[in-house]
Structure formats: C-alpha cells, structure tokens
Amino acid sequence: MSDSADGRAAFQVLVLPYRHTAQGPEYALFRRADVGYWQGVAGGGEAGESPVQAARRESAEEAGLVGDREFVPLDARATIPVVDVTGEFTWGSDVLVIPEYAFGVRAEDTEVTLSHEHTEFAWFTLADAAAAVRWDSNRTALWELDHRLRHTAAQRSGVHPWPADAPVARPPTAPGDHPTQPTGRRSARAPQDASPEPSTASTLQL
C-alpha cells in the first residue's frame with residue numbers, strides 16, 4: 001500500500017509557535033474558521049515530504065512563519081482515524097489511523113499572520129493554552145514543549161530565566177473545563193492572497 005494518495009502523505013503535523021517572556025514561554029494558538037475551536041498549526045503531509053518539511057510548509061502557509069527557523073521535534077505523537085482527516089479511507093482499507101507528528105517553533109508576535117483557515121490567533125500561557133485547545137494531543141505536546149524549553153534554557157545559561165521548578169497546573173481532562181483568556185493581543189490581519197514559500201529551516205535536536 002502506498003503511503004501517499006492524490007499527492008497526500010499518510011500523516012499529520014502539529015506545530016506550536018512559542019515565544020519567551022519574563023514569566024516563561026507563551027504559545028500561539030489559532031481559532032479555526034470552520035469549527036471555531038483553538039489549536040496549533042495543523043495540516044497533512046504532502047507526497048515526498050518528511051514530517052519536519054511538512055511542519056515548515058504548514059507554518060509558512062498558516063502562520064506566515066518563514067525564514068531560517070529552528071523546529072523542535074517532540075516525542076508527543078498521536079494517531080488519528082483517517083476518516084476524521086480526509087472523510088474516507090484515502091490510503092486503502094488497511095490504513096485506519098495515521099500518525100500526527102508534533103513540533104515547536106520560535107516566533108514573535110509581529111511575525112505571525114493569518115491564513116483563510118483561521119479567524120484569529122492569540123498568545124497563551126501553558127495553563128491557559130491547555131484549557132483552550134480541544135484535543136488531548138495538543139495538550140500533551142504543549143506540556144512537553146514547555147518542559148523542554150524551560151530546562152534547555154536552564155542548562156544553557158546555568159541560571160533559570162524563570163522558575164524551572166515552579167508548579168505547573170495540570171491540563172484539564174476535557175476542553176472547556178475552565179474559562180480562559182489569551183495573555184497577548186490578538187491579530188485581526190486579513191489573510192494574504194498567496195501563502196509564502198518556506199525557506200529551509202534547521203531542526204533543533206534537544
């Protein structure tokens with residue numbers, strides 16, 4: 001069975017843009033235009049792409065994040081019923097679920113733009129992001145990325161730029177358990193006519 005059909009590869013990617021603040025990392029989430037819930041940058045791989053190549057392309061198309069960026073590959077992975085992604089058994093009757101690979105990528109508020117797939121974006125703390133997203137796969141990836149960012153910064157500098165051992169609120173077990181407000185300003189910029197082409201970016205191995 002081919003791992004691609006109609007130009008589409010049998011995997012999804014999730015990308016979590018982040019920025020550093022004096023209080024700790026914050027994460028950009030995007031409100032989907034079709035169903036209205038918050039999530040990271042998400043999309044399907046194309047034929048011949050590796051997961052990180054798909055992550056770079058989706059980040060450019062959906063968030064305007066182009067240029068030489070470091071993508072943090074995460075161990076957090078999920079599997080998704082193929083019919084929830086494409087609405088049919090795209091890769092044959094034997095392919096029932098496909099993997100979702102997760103990455104983090106550093107971004108700044110002024111760099112993020114919107115595509116037609118989203119109506120707005122906002123910056124969230126870990127606890128608020130975990131409460132805002134719908135899918136548990138997003139919560140798991142957020143928690144792992146936050147932990148890696150805090151401890152990598154501490155190891156590199158020898159000094160914690162924020163309390164690395166500060167207690168972190170556990171994500172709610174179901175979406176909507178707690179009301180949440182974004183920590184940063186939202187973007188109301190109109191979608192661009194054409195998605196920018198991503199340039200080659202490096203992968204940060206932690």
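**View 1. E46 and R57 form a salt bridge whose closest N and O atoms are 3.6 Å apart.** A salt bridge is defined as a side-chain nitrogen of Lys or Arg within 4 Å of a carboxyl oxygen of Asp or Glu. The two residues, 11 apart, link distant parts of the chain, with E46 in strand β5 (residues 41–46) and R57 in helix α1 (residues 51–63). Helices (DSSP H or I, at least four residues) and strands (E, at least two) are DSSP runs numbered from the N terminus. E46 is partly exposed at 37% relative accessibility, whereas R57 is buried at 9%. Buried denotes under 20% relative accessible area, exposed over 50%, and partly exposed the range in between (1.4 Å probe, protein chains only). A network of salt bridges links E46, E49, R57, E58 and E61. The model is predicted: local features require pLDDT of at least 70 and side-chain atom pairs count only at pLDDT 80 or more, while totals for chains, interfaces and linings use all residues. Residues are numbered from 1 along each chain as its sequence is written, and side-chain values use heavy atoms, with hydrogens and water left out.

**View 2. E120 and R31 form a salt bridge between two strands.** Their closest N and O atoms are 2.7 Å apart. E120 belongs to strand β8 (residues 118–124) and R31 to strand β3 (residues 24–32), so the pair ties together parts that are 89 residues apart in sequence. The relative accessible area of E120 is 14%, which is buried; that of R31 is 24%, which is partly exposed.

**View 3. V83, F89, L96 and V97 form a nonpolar surface patch.** Together these residues have about 360 Å² of accessible area, computed by the Shrake-Rupley method with a 1.4 Å probe, where for residues only the protein chains shown count as cover. Patches consist of residues with over 30% relative accessible area and no salt bridge; like charges are joined within 9 Å, and nonpolar side chains (Val, Leu, Ile, Met, Phe, Trp, Tyr) within 5 Å. L96 lies in the loop between α2 (82–85) and β7 (97–106) and is partly exposed, with a relative accessible area of 49%.

**View 4. The largest pocket has a volume of about 490 Å³.** Of its 22 lining residues, Q12, R32, Y37, I80 and W135 are the closest to its centre. On a 1 Å grid over the protein atoms alone, a pocket is an open set of points where a 1.4 Å probe fits, with protein on both sides within 12 Å along at least five of seven lines; lining residues have an atom within 4 Å of a point. Grid points are joined across faces, edges and corners, and the volume is the space filled by probe spheres set on the points. β6 gives the most to the lining, with four residues. The lining divides into eight nonpolar, eight polar and six charged residues; Ala, Val, Leu, Ile, Met, Phe, Trp, Tyr, Cys and Pro count as nonpolar, Asp, Glu, Lys and Arg as charged, and the others, Gly among them, as polar.
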